[in-house]
Amino acid sequence: MKNIKAFKNPINVVKPILPDLTLVTKKLEEIWASGWLTNKGKQHEELEKRVTEYLKVVNTSLFCNGTLALQIACQALDLKGEVITTPFTFPATTHVLHWNNLTPVFCDIEENTYNIDPNKIETLITSKTTAIMPVHVFGNPCDVEKIQKIADKYNLKIIYDAAHAFGVEINGKPIGNFGDISMFSFHATKIFHTIEGGALTFGNNKLKNKIEQLKNFGLIDDVHVEGPGTNAKLNEVSAAVGILMFDSLEEEKKRRKALTNLYRKNLKNIPGIKVIPDLEKVKHNYYAMPILINKSKYGLNRNVLFEKLKKYNIFARRYFYPLCSQYPCYAKLPSAKNLFIAEQITEEILCLPLYGSLKKDEVEKICYIVKNITK
Ligand SMILES: *Cc1c(COP(=O)(O)O)cnc(C)c1O
(Lines give C-alpha, C1' and ligand atoms only; values in the text may rest on other atoms or scores of the structure.)
Protein backbone atom coordinates (compact mmCIF):
# COMPACT_ATOMS: atom_id res chain seq x y z
CA MET A 1 0.00 0.00 0.00
CA LYS A 2 1.59 3.22 -1.15
CA ASN A 3 1.18 6.87 -0.20
CA ILE A 4 -0.66 6.31 3.03
CA LYS A 5 0.94 7.94 5.99
CA ALA A 6 0.31 6.96 9.58
CA PHE A 7 -2.02 9.18 11.59
CA LYS A 8 -0.04 11.95 13.24
CA ASN A 9 -1.60 11.29 16.63
CA PRO A 10 -2.66 7.89 17.97
CA ILE A 11 -6.28 6.96 17.27
CA ASN A 12 -7.42 4.86 20.20
CA VAL A 13 -10.39 2.53 20.23
CA VAL A 14 -12.26 4.95 22.46
CA LYS A 15 -11.87 8.44 23.87
CA PRO A 16 -13.60 9.26 27.16
CA ILE A 17 -16.29 11.92 26.84
CA LEU A 18 -15.26 14.99 28.82
CA PRO A 19 -17.95 17.34 30.08
CA ASP A 20 -17.34 21.08 29.75
CA LEU A 21 -14.66 21.97 32.31
CA THR A 22 -16.30 25.22 33.38
CA LEU A 23 -19.47 23.31 34.19
CA VAL A 24 -17.45 20.73 36.13
CA THR A 25 -15.79 23.57 38.07
CA LYS A 26 -19.20 25.01 38.90
CA LYS A 27 -20.33 21.63 40.19
CA LEU A 28 -17.16 21.30 42.25
CA GLU A 29 -17.81 24.72 43.81
CA GLU A 30 -21.31 23.58 44.70
CA ILE A 31 -20.01 20.37 46.26
CA TRP A 32 -17.24 22.21 48.13
CA ALA A 33 -19.73 24.74 49.48
CA SER A 34 -21.96 21.92 50.72
CA GLY A 35 -19.08 20.10 52.40
CA TRP A 36 -20.88 16.82 51.50
CA LEU A 37 -18.62 14.53 49.49
CA THR A 38 -20.29 11.12 49.54
CA ASN A 39 -23.10 9.06 51.17
CA LYS A 40 -26.15 10.04 49.15
CA GLY A 41 -25.50 13.72 48.75
CA LYS A 42 -27.41 16.08 46.48
CA GLN A 43 -25.50 15.10 43.30
CA HIS A 44 -26.02 11.41 43.99
CA GLU A 45 -29.75 11.83 44.51
CA GLU A 46 -30.11 13.93 41.36
CA LEU A 47 -28.11 11.47 39.26
CA GLU A 48 -30.13 8.52 40.55
CA LYS A 49 -33.32 10.30 39.53
CA ARG A 50 -31.96 11.29 36.10
CA VAL A 51 -30.71 7.77 35.36
CA THR A 52 -34.04 6.25 36.42
CA GLU A 53 -35.87 8.61 34.07
CA TYR A 54 -33.47 8.19 31.19
CA LEU A 55 -33.42 4.40 31.37
CA LYS A 56 -37.18 4.33 32.03
CA VAL A 57 -36.78 1.85 34.88
CA VAL A 58 -38.55 1.38 38.22
CA ASN A 59 -35.59 1.40 40.62
CA THR A 60 -31.95 2.48 40.33
CA SER A 61 -29.08 2.12 42.79
CA LEU A 62 -25.80 3.85 42.02
CA PHE A 63 -22.37 2.29 42.64
CA CYS A 64 -18.67 3.19 42.64
CA ASN A 65 -18.18 0.82 39.69
CA GLY A 66 -20.08 -1.72 37.64
CA THR A 67 -18.18 -4.73 38.93
CA LEU A 68 -19.20 -4.18 42.56
CA ALA A 69 -22.73 -3.44 41.40
CA LEU A 70 -22.86 -6.83 39.69
CA GLN A 71 -21.31 -8.49 42.73
CA ILE A 72 -24.00 -7.02 44.98
CA ALA A 73 -26.75 -8.01 42.53
CA CYS A 74 -25.78 -11.66 43.13
CA GLN A 75 -25.90 -11.08 46.91
CA ALA A 76 -29.23 -9.30 46.75
CA LEU A 77 -30.78 -12.29 44.98
CA ASP A 78 -29.10 -14.80 47.34
CA LEU A 79 -27.59 -16.77 44.49
CA LYS A 80 -25.99 -20.11 45.29
CA GLY A 81 -24.38 -22.92 43.32
CA GLU A 82 -24.05 -22.52 39.56
CA VAL A 83 -24.75 -19.59 37.26
CA ILE A 84 -24.94 -19.97 33.50
CA THR A 85 -23.05 -17.19 31.74
CA THR A 86 -21.16 -16.29 28.59
CA PRO A 87 -17.43 -16.70 28.04
CA PHE A 88 -17.42 -13.82 25.53
CA THR A 89 -17.24 -10.90 27.93
CA PHE A 90 -15.01 -8.69 30.01
CA PRO A 91 -13.31 -10.52 32.92
CA ALA A 92 -15.54 -8.73 35.45
CA THR A 93 -18.61 -10.82 34.59
CA THR A 94 -16.98 -14.14 35.46
CA HIS A 95 -14.91 -12.78 38.36
CA VAL A 96 -18.06 -11.49 40.03
CA LEU A 97 -19.39 -15.04 40.17
CA HIS A 98 -16.12 -16.29 41.63
CA TRP A 99 -16.14 -13.58 44.32
CA ASN A 100 -19.62 -14.77 45.32
CA ASN A 101 -18.51 -18.41 45.59
CA LEU A 102 -20.64 -19.19 42.57
CA THR A 103 -19.52 -21.59 39.85
CA PRO A 104 -19.58 -20.08 36.37
CA VAL A 105 -21.06 -22.40 33.78
CA PHE A 106 -20.08 -21.20 30.32
CA CYS A 107 -22.61 -21.36 27.53
CA ASP A 108 -21.70 -20.89 23.87
CA ILE A 109 -22.73 -17.74 21.98
CA GLU A 110 -24.74 -16.82 18.90
CA GLU A 111 -22.97 -16.22 15.63
CA ASN A 112 -24.77 -12.99 14.78
CA THR A 113 -24.79 -11.03 18.04
CA TYR A 114 -22.00 -12.77 20.03
CA ASN A 115 -24.50 -12.97 22.91
CA ILE A 116 -25.29 -16.11 24.94
CA ASP A 117 -27.13 -18.65 22.75
CA PRO A 118 -30.50 -19.28 24.46
CA ASN A 119 -30.86 -22.57 22.60
CA LYS A 120 -27.81 -23.92 24.42
CA ILE A 121 -28.77 -22.85 27.96
CA GLU A 122 -31.19 -25.62 28.89
CA THR A 123 -28.74 -28.50 28.53
CA LEU A 124 -26.44 -26.77 31.05
CA ILE A 125 -29.06 -26.55 33.80
CA THR A 126 -28.47 -28.84 36.80
CA SER A 127 -30.02 -29.10 40.27
CA LYS A 128 -27.41 -26.55 41.40
CA THR A 129 -28.27 -23.86 38.85
CA THR A 130 -29.81 -20.74 40.43
CA ALA A 131 -29.39 -18.06 37.79
CA ILE A 132 -28.43 -16.95 34.30
CA MET A 133 -26.04 -14.03 33.79
CA PRO A 134 -26.08 -12.96 30.12
CA VAL A 135 -24.28 -9.93 28.69
CA HIS A 136 -25.72 -7.52 26.09
CA VAL A 137 -22.41 -7.59 24.23
CA PHE A 138 -21.51 -4.29 22.48
CA GLY A 139 -24.99 -3.07 23.43
CA ASN A 140 -26.73 -5.59 21.17
CA PRO A 141 -29.60 -7.04 23.21
CA CYS A 142 -29.76 -10.71 24.11
CA ASP A 143 -32.78 -12.79 23.16
CA VAL A 144 -34.52 -11.63 26.35
CA GLU A 145 -37.81 -13.42 25.65
CA LYS A 146 -36.28 -16.86 25.19
CA ILE A 147 -34.04 -16.40 28.22
CA GLN A 148 -37.02 -15.35 30.38
CA LYS A 149 -38.99 -18.41 29.26
CA ILE A 150 -36.16 -20.70 30.36
CA ALA A 151 -35.80 -18.87 33.68
CA ASP A 152 -39.52 -19.17 34.33
CA LYS A 153 -39.56 -22.87 33.46
CA TYR A 154 -36.69 -23.73 35.84
CA ASN A 155 -37.30 -21.03 38.43
CA LEU A 156 -34.00 -19.25 37.81
CA LYS A 157 -33.04 -15.61 38.39
CA ILE A 158 -31.62 -13.46 35.58
CA ILE A 159 -29.01 -10.75 36.07
CA TYR A 160 -28.10 -8.91 32.88
CA ASP A 161 -24.64 -7.45 32.48
CA ALA A 162 -25.83 -4.38 30.56
CA ALA A 163 -22.48 -2.60 30.97
CA HIS A 164 -22.49 -1.68 27.25
CA ALA A 165 -26.19 -1.10 26.81
CA PHE A 166 -27.00 2.30 28.33
CA GLY A 167 -30.07 3.67 26.55
CA VAL A 168 -30.73 0.64 24.35
CA GLU A 169 -34.37 -0.36 23.76
CA ILE A 170 -35.99 -3.49 22.34
CA ASN A 171 -39.30 -2.99 20.62
CA GLY A 172 -39.76 0.26 22.54
CA LYS A 173 -38.98 -1.44 25.85
CA PRO A 174 -35.96 -0.02 27.71
CA ILE A 175 -33.21 -2.58 28.27
CA GLY A 176 -32.93 -2.11 32.05
CA ASN A 177 -36.36 -3.67 32.59
CA PHE A 178 -35.53 -7.23 31.59
CA GLY A 179 -34.62 -10.01 34.00
CA ASP A 180 -34.49 -9.50 37.77
CA ILE A 181 -31.64 -6.97 37.79
CA SER A 182 -29.52 -5.21 35.15
CA MET A 183 -26.08 -3.73 35.68
CA PHE A 184 -24.79 -0.66 33.84
CA SER A 185 -21.14 0.38 33.97
CA PHE A 186 -20.29 4.09 34.18
CA HIS A 187 -16.59 3.56 33.55
CA ALA A 188 -14.80 6.33 31.65
CA THR A 189 -14.72 4.27 28.45
CA LYS A 190 -18.46 3.64 28.39
CA ILE A 191 -20.92 5.81 26.46
CA PHE A 192 -22.28 7.32 29.69
CA HIS A 193 -19.86 7.62 32.57
CA THR A 194 -19.03 8.99 36.00
CA ILE A 195 -15.23 8.41 35.56
CA GLU A 196 -15.73 5.23 37.62
CA GLY A 197 -19.24 4.16 38.53
CA GLY A 198 -22.16 1.93 37.80
CA ALA A 199 -25.80 1.21 38.52
CA LEU A 200 -28.26 -1.58 39.12
CA THR A 201 -31.81 -1.28 37.80
CA PHE A 202 -34.65 -3.55 38.91
CA GLY A 203 -38.41 -3.77 39.02
CA ASN A 204 -38.86 -5.34 42.45
CA ASN A 205 -39.21 -2.52 45.02
CA LYS A 206 -38.35 -4.93 47.82
CA LEU A 207 -34.79 -5.18 46.54
CA LYS A 208 -34.08 -1.47 46.97
CA ASN A 209 -33.34 -1.46 50.72
CA LYS A 210 -31.36 -4.65 50.55
CA ILE A 211 -29.15 -3.35 47.74
CA GLU A 212 -28.65 0.01 49.46
CA GLN A 213 -27.63 -1.76 52.68
CA LEU A 214 -25.26 -4.15 50.92
CA LYS A 215 -23.40 -1.26 49.27
CA ASN A 216 -23.12 0.62 52.61
CA PHE A 217 -21.55 -1.88 55.05
CA GLY A 218 -24.90 -3.59 55.72
CA LEU A 219 -25.97 -0.60 57.81
CA ILE A 220 -29.70 -0.12 58.39
CA ASP A 221 -29.10 2.99 60.50
CA ASP A 222 -26.17 4.31 62.50
CA VAL A 223 -26.17 1.43 65.00
CA HIS A 224 -27.82 -1.52 63.25
CA VAL A 225 -26.06 -3.82 60.81
CA GLU A 226 -28.25 -6.19 58.83
CA GLY A 227 -25.47 -8.37 57.43
CA PRO A 228 -21.98 -8.36 55.94
CA GLY A 229 -22.18 -5.52 53.45
CA THR A 230 -19.35 -3.78 51.66
CA ASN A 231 -18.53 -0.25 50.57
CA ALA A 232 -19.58 0.41 47.00
CA LYS A 233 -21.03 3.91 47.12
CA LEU A 234 -20.73 6.54 44.39
CA ASN A 235 -19.16 9.82 45.52
CA GLU A 236 -20.48 13.32 44.83
CA VAL A 237 -17.81 14.37 42.31
CA SER A 238 -18.44 11.31 40.17
CA ALA A 239 -22.20 11.81 40.45
CA ALA A 240 -21.80 15.41 39.30
CA VAL A 241 -19.82 14.28 36.24
CA GLY A 242 -22.65 11.87 35.47
CA ILE A 243 -25.27 14.61 35.62
CA LEU A 244 -23.25 16.71 33.15
CA MET A 245 -22.87 13.71 30.85
CA PHE A 246 -26.56 13.94 29.92
CA ASP A 247 -25.89 17.30 28.20
CA SER A 248 -23.94 15.63 25.39
CA LEU A 249 -25.39 12.12 25.35
CA GLU A 250 -27.85 12.47 22.46
CA GLU A 251 -25.31 14.29 20.29
CA GLU A 252 -22.68 11.65 21.10
CA LYS A 253 -25.03 8.84 20.06
CA LYS A 254 -26.02 10.69 16.89
CA ARG A 255 -22.39 11.11 15.86
CA ARG A 256 -21.53 7.52 16.67
CA LYS A 257 -24.48 6.34 14.60
CA ALA A 258 -23.30 8.35 11.59
CA LEU A 259 -19.72 7.07 12.00
CA THR A 260 -20.96 3.48 12.38
CA ASN A 261 -22.92 3.78 9.15
CA LEU A 262 -19.86 5.24 7.44
CA TYR A 263 -17.75 2.30 8.65
CA ARG A 264 -20.38 -0.15 7.43
CA LYS A 265 -20.54 1.49 4.00
CA ASN A 266 -16.76 1.56 3.57
CA LEU A 267 -16.12 -1.94 4.90
CA LYS A 268 -19.02 -3.56 3.07
CA ASN A 269 -17.23 -4.89 0.04
CA ILE A 270 -14.00 -6.03 1.64
CA PRO A 271 -13.79 -9.83 1.35
CA GLY A 272 -13.49 -11.51 4.75
CA ILE A 273 -14.65 -8.52 6.84
CA LYS A 274 -18.01 -8.84 8.57
CA VAL A 275 -19.90 -6.16 10.49
CA ILE A 276 -23.03 -6.46 12.64
CA PRO A 277 -25.96 -4.61 11.05
CA ASP A 278 -28.61 -2.81 13.10
CA LEU A 279 -30.96 -5.37 14.64
CA GLU A 280 -34.67 -5.35 13.94
CA LYS A 281 -36.78 -3.30 16.37
CA VAL A 282 -33.75 -2.30 18.43
CA LYS A 283 -32.82 1.26 19.38
CA HIS A 284 -29.03 1.05 19.43
CA ASN A 285 -26.54 3.16 21.37
CA TYR A 286 -23.58 2.61 18.99
CA TYR A 287 -21.23 1.77 21.81
CA ALA A 288 -18.62 -0.10 19.74
CA MET A 289 -17.55 -0.92 16.18
CA PRO A 290 -16.72 -4.64 16.19
CA ILE A 291 -15.68 -6.41 12.97
CA LEU A 292 -14.87 -10.04 12.27
CA ILE A 293 -11.85 -10.95 10.17
CA ASN A 294 -11.97 -14.21 8.26
CA LYS A 295 -8.36 -15.04 7.56
CA SER A 296 -8.79 -17.17 4.45
CA LYS A 297 -11.02 -14.61 2.70
CA TYR A 298 -9.26 -11.46 3.94
CA GLY A 299 -5.70 -12.70 3.57
CA LEU A 300 -4.45 -11.80 7.05
CA ASN A 301 -5.52 -13.04 10.42
CA ARG A 302 -6.92 -10.70 13.08
CA ASN A 303 -3.70 -10.55 15.11
CA VAL A 304 -1.61 -9.57 12.11
CA LEU A 305 -4.11 -6.87 11.11
CA PHE A 306 -4.18 -5.62 14.72
CA GLU A 307 -0.37 -5.29 14.75
CA LYS A 308 -0.19 -3.73 11.29
CA LEU A 309 -2.78 -1.10 12.22
CA LYS A 310 -0.53 0.03 15.07
CA LYS A 311 2.07 1.07 12.51
CA TYR A 312 -0.49 3.56 11.20
CA ASN A 313 -1.14 4.79 14.76
CA ILE A 314 -4.50 3.01 14.87
CA PHE A 315 -5.02 1.26 18.20
CA ALA A 316 -7.91 -1.17 17.79
CA ARG A 317 -8.78 -3.58 20.63
CA ARG A 318 -9.32 -7.31 20.65
CA TYR A 319 -12.60 -7.38 22.60
CA PHE A 320 -13.11 -10.03 23.82
CA TYR A 321 -9.93 -12.02 23.57
CA PRO A 322 -9.16 -14.37 25.10
CA LEU A 323 -12.47 -15.81 26.32
CA CYS A 324 -13.07 -15.84 30.08
CA SER A 325 -13.20 -19.64 29.78
CA GLN A 326 -9.60 -19.53 28.50
CA TYR A 327 -8.13 -17.67 31.49
CA PRO A 328 -5.96 -20.05 33.53
CA CYS A 329 -8.22 -19.51 36.58
CA TYR A 330 -11.31 -20.82 34.75
CA ALA A 331 -9.91 -23.05 31.99
CA LYS A 332 -10.23 -26.20 34.10
CA LEU A 333 -13.98 -25.81 34.64
CA PRO A 334 -15.93 -28.59 32.90
CA SER A 335 -17.92 -26.03 30.93
CA ALA A 336 -14.80 -24.25 29.61
CA LYS A 337 -14.50 -26.66 26.67
CA ASN A 338 -16.29 -27.01 23.35
CA LEU A 339 -17.51 -23.42 23.10
CA PHE A 340 -17.10 -23.61 19.36
CA ILE A 341 -18.70 -20.37 18.21
CA ALA A 342 -17.12 -18.32 21.00
CA GLU A 343 -13.74 -19.88 20.28
CA GLN A 344 -14.01 -18.84 16.64
CA ILE A 345 -15.36 -15.32 17.27
CA THR A 346 -12.65 -14.54 19.85
CA GLU A 347 -9.99 -15.24 17.19
CA GLU A 348 -11.69 -13.06 14.57
CA ILE A 349 -13.04 -10.10 16.52
CA LEU A 350 -11.54 -6.63 16.41
CA CYS A 351 -13.08 -3.40 17.71
CA LEU A 352 -12.22 -0.39 15.57
CA PRO A 353 -12.01 3.15 16.99
CA LEU A 354 -15.41 4.71 17.67
CA TYR A 355 -16.21 7.87 19.60
CA GLY A 356 -18.17 11.02 18.88
CA SER A 357 -15.21 13.30 18.21
CA LEU A 358 -13.69 10.90 15.68
CA LYS A 359 -13.76 12.58 12.28
CA LYS A 360 -15.43 11.27 9.15
CA ASP A 361 -12.21 11.44 7.14
CA GLU A 362 -10.43 9.54 9.89
CA VAL A 363 -12.98 6.73 9.61
CA GLU A 364 -12.60 6.78 5.83
CA LYS A 365 -8.84 6.54 6.15
CA ILE A 366 -9.06 3.69 8.68
CA CYS A 367 -11.33 1.80 6.26
CA TYR A 368 -9.02 2.52 3.33
CA ILE A 369 -6.09 1.13 5.33
CA VAL A 370 -8.07 -1.99 6.35
CA LYS A 371 -8.99 -2.50 2.70
CA ASN A 372 -5.55 -2.05 1.22
CA ILE A 373 -3.20 -3.25 3.96
CA THR A 374 -3.25 -6.78 2.59
CA LYS A 375 -1.80 -5.66 -0.75
C1 LIG B 1 -16.93 -2.39 31.70
C2 LIG B 1 -17.52 -3.71 31.92
C3 LIG B 1 -17.77 -4.24 33.19
C4 LIG B 1 -17.19 -3.64 34.44
O5 LIG B 1 -17.60 -2.40 34.73
P6 LIG B 1 -16.69 -1.43 35.62
O7 LIG B 1 -17.57 -0.25 35.81
O8 LIG B 1 -15.44 -1.13 34.86
O9 LIG B 1 -16.41 -2.15 36.91
C10 LIG B 1 -18.47 -5.43 33.30
N11 LIG B 1 -18.91 -6.08 32.21
C12 LIG B 1 -18.66 -5.65 30.98
C13 LIG B 1 -19.18 -6.42 29.81
C14 LIG B 1 -17.94 -4.45 30.78
O15 LIG B 1 -17.66 -4.03 29.55
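The dialogue below discusses helix packing, backbone geometry and ligand contacts in a predicted model.

Student: How should I read the packing of two helices, and what angle do the axes of α3 and α4 make?

Tutor: One begins with the distance and angle between the axes. In this predicted model, helix α3 (residues 66–76) and helix α4 (residues 91–99) have axes that come within 9 Å and cross at roughly 45°. Angles under 35 degrees count as roughly parallel and those from 65 to 115 as roughly perpendicular; α3 and α4 are therefore oblique to each other. Their crossing is right-handed.

Student: Which residues make the contact between α3 and α4?

Tutor: From α3 the contributors are T67, L70, Q71 and C74, and from α4 they are A92, T93, V96, L97 and W99. Sorted by class, this contact of α3 with α4 comprises six nonpolar and three polar residues, with no charged residues.

Student: How are α7 and α11 oriented to each other?

Tutor: Helix α7 (residues 236–267) packs against helix α11 (residues 360–372) at an angle of about 30°, and their axes are 10 Å apart. Since angles under 35 degrees count as roughly parallel, α7 and α11 are therefore described as roughly parallel to each other. The crossing here is right-handed.

Student: Which residues of α7 and α11 meet, and how do they divide by class?

Tutor: On the α7 side are L259, L262, Y263, N266 and L267; on the α11 side are K360, V363, E364, I366, C367 and V370. This contact of α7 with α11 divides into eight nonpolar residues, one polar and two charged.

Student: At what angle do the axes of α1 and α7 cross?

Tutor: The axes of α1 and α7 cross at roughly 145° and come within 10 Å. α1 passes α7 in a right-handed crossing. In α1, the residues L23, V24, K27, L28, I31 and W32 meet E236, V237, A240, I243, L244 and D247 of α7. The division by class for α1 with α7 is nine nonpolar, no polar and three charged.

Student: What should I look for in the backbone itself?

Tutor: Most peptide bonds are trans, and most residues other than glycine have a negative phi. Departures from these patterns deserve a look. A cis peptide bond joins Y319 and F320, with omega about -5°. F320 lies in the loop between β14 (314–315) and α10 (340–348). The bond from Y321 to P322 is also cis, its omega being near -5°, and P322 is likewise in the loop between β14 and α10.

Student: Where is N39, and what is its phi?

Tutor: N39 is not a glycine, yet its phi is positive, near 65°. N39 is placed in the loop between α1 (21–34) and α2 (42–55).

Student: How many residues surround the ligand, and which are the closest?

Tutor: One counts the surrounding residues before turning to individual atoms. The ligand is surrounded by 16 residues, the closest being T67, D161, H164, S185 and K190.

Technical notes:
Residues numbered from 1 in each chain as written. Predicted model: local features only at pLDDT ≥ 70, side-chain atom pairs only at ≥ 80, totals over all residues. Heavy atoms only, no water. Axes fitted to C-alpha atoms, helices over the stretch in contact; angles between N-to-C directions. Helix = DSSP H or I, 4+ residues; strand = E, 2+ residues; numbered from the N terminus. Parallel < 35°, antiparallel > 145°, perpendicular 65-115°, else oblique. Left-handed = near helix turned anticlockwise from the far one by under 90°. Contact = heavy atoms within 4.5 Å. Nonpolar A, V, L, I, M, F, W, Y, C, P; charged D, E, K, R; others polar. Near = heavy atom within 4 Å.
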